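Trainee: I have a model open and would like to talk through how it is put together. Could you take me through it?
Mentor: Gladly; let us look at it together.

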Amino acid sequence: MAEFSLRPATPGDLTDIIRLEALGFAEGDQESADVYAERIEVFPPGSLMAMDGDTCIGCFFAEVWQDKPAYGAEDFQLGHSIRAAHDLTAGNCLYVASMTIDPQYRGDGHGARLFRAGVTRLVADYPQLRSVVLLVNETWHRARSIYAGAGFTEVTRLPAFFEPAPNCLQTGIVMKHTI
């Protein structure tokens, strides 16, 4: 293994991002290249590529929202525009919109390293942040373990939120950490 690092994503990374999206998520849970292009354009600091030397091994995308006492399915819709909720002026909650590691690099702590590094960087750069929120599929046990290990707790469940394949509905779990 070379050296793990993070760097800002650019439009030139969209091929790698979509490759990672296809490797990391079921077809029904994947975002489009247009969604990622908009995230890179609107919030470059929240669009990060995980590198092992010169090899792209993962990606991390976040937005800054105004925190809410409760979150519902409408807050986490696939394909949503970052422009709808992202607010660097009044936002106080980091929303981790997406994170994935190439399966070839899983199992060696890269996912936890990427998650910690992305959150740590953004919390340091945006001191107004008071919490971090994310949505995870109940079946993604490794991801849930990473988040729980970072101090996140379940705040609500969204039944039938994920549809990885037609007529295959799975529960989403909203997890949150107060800074």
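Trainee: In which helix is L122 found?
Mentor: Before that, a word on the ground rules: this is a predicted model, where local features need pLDDT of at least 70, side-chain atom pairs count only at pLDDT 80 or more, and totals for chains, interfaces and linings use all residues. Residues are numbered from 1 along each chain as its sequence is written, and side-chain values use heavy atoms, leaving out hydrogens and water. Helices (H or I, at least four residues) and strands (E, at least two) are DSSP runs numbered from the N terminus. The run that covers residues 110-125 contains L122, and that run is helix 3.

Trainee: Is L122 buried or exposed?
Mentor: The classes rest on relative accessible area with a 1.4 Å probe and protein chains only: buried is under 20%, exposed is over 50%, and partly exposed is in between. L122 has a relative accessible area of 0%, so the class is buried.

Trainee: Which residues is L122 in contact with, leaving aside neighbours within four places in sequence?
Mentor: Contact means heavy atoms within 4.5 Å. By that rule, the partners of L122 are F43, P45, G46, F60, A62, L94 and L129.

Trainee: Against which elements do the buried residues of helix 3 pack?
Mentor: The buried residues are H110, G111, A112, L114, F115, G118, V119 and L122. Helix 3 lies across strands 1, 2, 3, 4 and 5, running at about 150° to strand 4; such angles run from 0 to 180 degrees between N-to-C directions, with axes fitted as lines to C-alpha atoms, for helices over the stretch in contact. The buried residues pack against strand 1, strand 2, strand 3, strand 4, strand 5 and helix 4.

Trainee: What is the order of the strands in the open sheet?
Mentor: Two strands pair if DSSP finds at least two bridges between them. The open sheet has 7 strands with mixed pairing, in the order 1-2-3-4-5-7-6.

Trainee: How many residues of strand 4 are buried?
Mentor: Strand 4 pairs with strand 3 in the antiparallel sense over 8 bridges, and runs parallel to strand 5, joined by 4 bridges. Strand 4 is mostly covered, and the buried count is 9 of its 9 residues.

Trainee: Which residue in strand 4 is the bridge partner of C59?
Mentor: For F60, the bridge partner in strand 4 is M99. For C59, the partner is T100.

Trainee: Which side chain does a polar contact of 2.7 Å join to that of Q170?
Mentor: Q170 is found in strand 7 (residues 168-178) and counts as buried, at 18% relative accessibility. A polar contact is a pair of N or O atoms within 3.5 Å; within protein, one must be able to donate a hydrogen and the other to accept it, and residues adjacent in sequence count only if both atoms are side-chain atoms. The side chain joined to Q170 belongs to N137.
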